[in-house]
Each structure stands twice: as C-alpha cells, then as structure tokens.
Amino acid sequence: MQVEVGSVLEGKVTGITNFGAFVELPGGQTGMVHISEVAAAFVTDIRQHLTENQAVKVKVLNVGEDGKISLSIKKAAPETAAAKPPRTGGGRPSRAPRKPAVSPGRPGSFEWQSASTGTSFEDMMSHFKQTSDEKMSDLKRASEGRHGGGHSRRGGNRGGGDFDF
C-alpha cells in the first residue's frame, strides 16, 4: 500500500521510546510519531499517552526519500479535539491574551506591522532603528538635564569628570 502525505490512517503502536512511538500502518509499513506530535498538550512522558499494541489514528506528515514515514496523532484528531486544552494542575496557568502597547512614547512599545501590509522587512527594520534612535536621543537629553549638562552641582568641573564624589 502506498502511503500518501496528508492521509489519515489507522495503525498500531509497536514500540515506544523517549522521543516518540513507532506505529505499524496498513500494508506492514512502519512510521514514527515524534513526541511533539502525540498530543496537543506538552508531553513529558509519552507512556502516559500511549501503550504498545494500542490502536491509533495517525496523519502522514512526510515520507522521506529514504522511506522514513513521519506521523502525527494530534493532527489526525478532528479540529475541535486538536485544539489545545487550557492548562491545569502542574502546568503554567492560563493567561489572558496580551494587549498591545498603548503609549507609543514608552520604550518597548514599538508596534510591528504585519507582513500582509506589504511592508518589507528592511523597511520595518529601518523604521524600528529610526524610532529607537529617537528614543535613545530623548533619554540622553533627559538624563543630561538631570545631571546639569555635565557640570557638578557644587560649581566647577573638578578632576575633569562629570560627577563629584
């Protein structure tokens, strides 16, 4: 039987390793499911999700020139089941989506434009550099204003430094 990329097949787990599981496909061919393709949630111990001789549905991701077949269990599941479930228990707590920066004058609030706007990467980088240079200049000006423009507060510039100790 010819295995086609994108097809969903029923197979049987024949071996489990720390990095994945081997699945026998119809026709006697064997493919491998990498640990990252076992479930939608992060998998630390593959044996908590699979057992040998277990029947599984797999999607064919790739068939290499060397005949190696890459499979996915999580992509073979229907769309609703393949969506990531919210983390509970020992995982990181779920977070609300991040809100975009509100004040464009604050450091770190540079808003990237999506690639769909037709802006090239070089244009975005140029704009980012220009914005960054302006912010650095503003910071430097504000910093110099606080330190008296390079002169000490006690009058005079003793020792050639900007600060008196």
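Among contacts in the chain between residues at least 6 apart in sequence, what percentage join residues at least 24 apart? The figure is 48%, with contact meaning heavy atoms within 4.5 Å. Here are some notes to read beside the model.

1. **Ground rules.** This is a predicted model, in which local features need pLDDT of at least 70, side-chain atom pairs count only at pLDDT 80 or more, and totals for chains, interfaces and linings use all residues. Residues are numbered from 1 along each chain as its sequence is written, and side-chain values use heavy atoms, with hydrogens and water left out.

2. **Confidence.** pLDDT is the predictor's confidence in each residue, from 0 to 100. The chain averages 76 on this scale, and 62% of the residues score at least 70. Please keep an eye on helix α1 (residues 79–82), which has the lowest mean pLDDT of the chain's elements, 49; β2 has the highest, 94.

3. **Layout.** Two helices and five strands make up the chain's elements, in the order β-β-β-β-β-α-α along the sequence. Helices (H or I, at least four residues) and strands (E, at least two) are DSSP runs, numbered from the N terminus.

4. **Surface and burial.** Accessible areas come from the Shrake-Rupley method with a 1.4 Å probe; for residues, only the protein chains shown count as cover. Of the 165 residues, 21% are buried (buried means under 20% relative accessible area, exposed over 50%, partly exposed in between; 1.4 Å probe, protein chains only).

5. In soluble globular proteins, nonpolar side chains tend to be buried together. In this model the largest nonpolar core has 20 residues, and V23, L25, L50, V58 and L71 have the most contacts inside it. The elements giving two or more residues to this core are β1 (8–16), β2 (20–24), β4 (55–63) and β5 (69–72). Such a core is a set of buried Ala, Val, Leu, Ile, Met, Phe, Trp, Tyr and Cys residues joined through side-chain atoms within 4.5 Å. Leaving aside residues up to four places away in sequence, V23 touches several residues, including G11, V13, V33, V56, V58 and L71.

6. The structure holds three salt bridges, each being a side-chain nitrogen of Lys or Arg within 4 Å of a carboxyl oxygen of Asp or Glu. One of them pairs E37 with K75, the closest N and O atoms being 3.8 Å apart. E37 sits in the loop between β3 and β4, and K75 in the loop between β5 and α1, 38 residues apart. E37 counts as buried at 12% relative accessibility, whereas K75 is partly exposed at 44%. A41 also lies in the loop between β3 (30–34) and β4, and its C-alpha atom is 9.2 Å from that of K74, 33 residues apart along the chain.

7. **Along helix α2.** K129 and D133 meet in a salt bridge (3.1 Å, N to O); they are separated by about one helical turn because they are four residues apart in helix α2. K129 is exposed at 51%, while D133 is partly exposed at 41%. R141 pairs with D138, with the closest N and O atoms 3.4 Å apart.

8. **A nonpolar patch.** F121, M125 and F128 make a nonpolar surface patch of about 290 Å². F121 is found in helix α2 (residues 121–146) and is exposed, with a relative accessible area of 54%. Patches are made of residues with over 30% relative accessible area and no salt bridge: like charges are joined within 9 Å, nonpolar side chains (Val, Leu, Ile, Met, Phe, Trp, Tyr) within 5 Å.
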